[in-house]
Amino acid sequence: MAVLIDESTASSSEIVTGALQDWDRAVVIGRRSFGKGLMQKPVPLSDGSEMQLTGARYYTPSGRSIQKPYTKGKEDYFEDFNRRMASKELMEEGHVSFADSLKYTTLGTKRTVYGGGGIMPDRFVPIDTNEYSTWMAQLMNNGLVAKGGFEFVQQNREALLSAYPDFKAFNLKFKVPKQVHQQLVSAARVQSIAIPPDEQVGAHAAIDVEFKAQVGSLLYTGGDYMTRVRNESNQSFKEALSVLRDEKLYKQLLQAGTVGALNKKKTK
């Protein structure tokens, strides 16, 4: 089993991931999770409003709390993502350190795992900075991709369904035509969106993923095809498949001396 996590993985999903990791039942892939393991109870107030009162912490089977510090207040708490980006933690391995007091061991192979700030993955995958860039947010928020995908499907629906009669065929073989890609990029630049130059291949590949996701969701019914296109282009998803197909590597990751040990060894 492989579990995918990242900086947005929070609360119950972290608790389940921590339990699977503690029992050495799954390889955890991605980036350190958000770090929320608190239990809240709703308290009705006399004016009809409701207060969420934090009254307990969740602990994983090894005894660790994954809750990151909340001592500096809410604003500082949610600023953590920006700190992780600035420190390059999300782009490179080796930028996270834990106090010895936060070390725990898994219940099977006795690997070292950590508490006090989310779940550390067994296999690190760097963030795709294109997904969090200002230009990508502008491109998606102004509707250019959605509008372009709609027009493309309306103009080519019959030909597309003839070439790709089902989503499986579409997902496997469809490539965004270069002319369509260039039209989208040109339209974005007219609106002063700072699309990276053509030499930045990864950025333009990310644009094509979003456009393909739009086309797939409009062309077929009966499934969340937009999410499937995005997920199957995701590097953590690809890494998970690679690990699951390599039994030797899978076992090594579950028997390593510490979480992430094989990754660090690989990058030296």
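How do the residues of the lining of the largest pocket divide into nonpolar, polar and charged? The lining comprises 12 nonpolar, 7 polar and 7 charged residues, where Ala, Val, Leu, Ile, Met, Phe, Trp, Tyr, Cys and Pro count as nonpolar, Asp, Glu, Lys and Arg as charged, and the others, Gly among them, as polar. The model is a predicted one, in which local features need pLDDT of at least 70 and side-chain atom pairs count only at pLDDT 80 or more, while totals for chains, interfaces and linings use all residues. Residues are numbered from 1 along each chain as its sequence is written, and side-chain values use heavy atoms, with hydrogens and water left out.

The largest pocket holds about 720 Å³ of space. Of the 26 residues that line the largest pocket, Asp 128, Glu 131, Arg 230, Ser 233 and Asn 234 are the closest to its centre. A pocket is here an open set of points on a 1 Å grid over the protein atoms alone, where a 1.4 Å probe fits, with protein on both sides within 12 Å along at least five of seven lines; lining residues have an atom within 4 Å of a point. The volume is the space filled by probe spheres set on the points, which are joined across faces, edges and corners.

At least two lining residues come from each of strand S1 (2-5) and helices H4 (134-141), H8 (201-219), H9 (225-232) and H10 (235-244). H8 provides the largest share, 5 residues. These elements are DSSP runs numbered from the N terminus, helices being H or I of at least four residues and strands E of at least two.

Attention now turns to charged pairs. The structure holds 14 salt bridges, each a side-chain nitrogen of Lys or Arg within 4 Å of a carboxyl oxygen of Asp or Glu. In one of them, Asp 22 pairs with Arg 64, with the closest N and O atoms 2.7 Å apart. Asp 22 lies in helix H1 (residues 12-22) and Arg 64 in the loop between strand S4 (50-57) and helix H2 (74-78), so that distant parts of the chain, 42 residues apart, are linked. Both residues are buried, meaning under 20% relative accessible area, with exposed over 50% and partly exposed in between (1.4 Å probe, protein chains only).

Glu 89 and Arg 32 form a salt bridge at 2.9 Å, N to O. Because Glu 89 lies in the loop between helix H3 (80-86) and strand S5 (103-105), and Arg 32 in the loop between strand S2 (27-30) and strand S3 (38-44), the pair ties together parts 57 residues apart in sequence.
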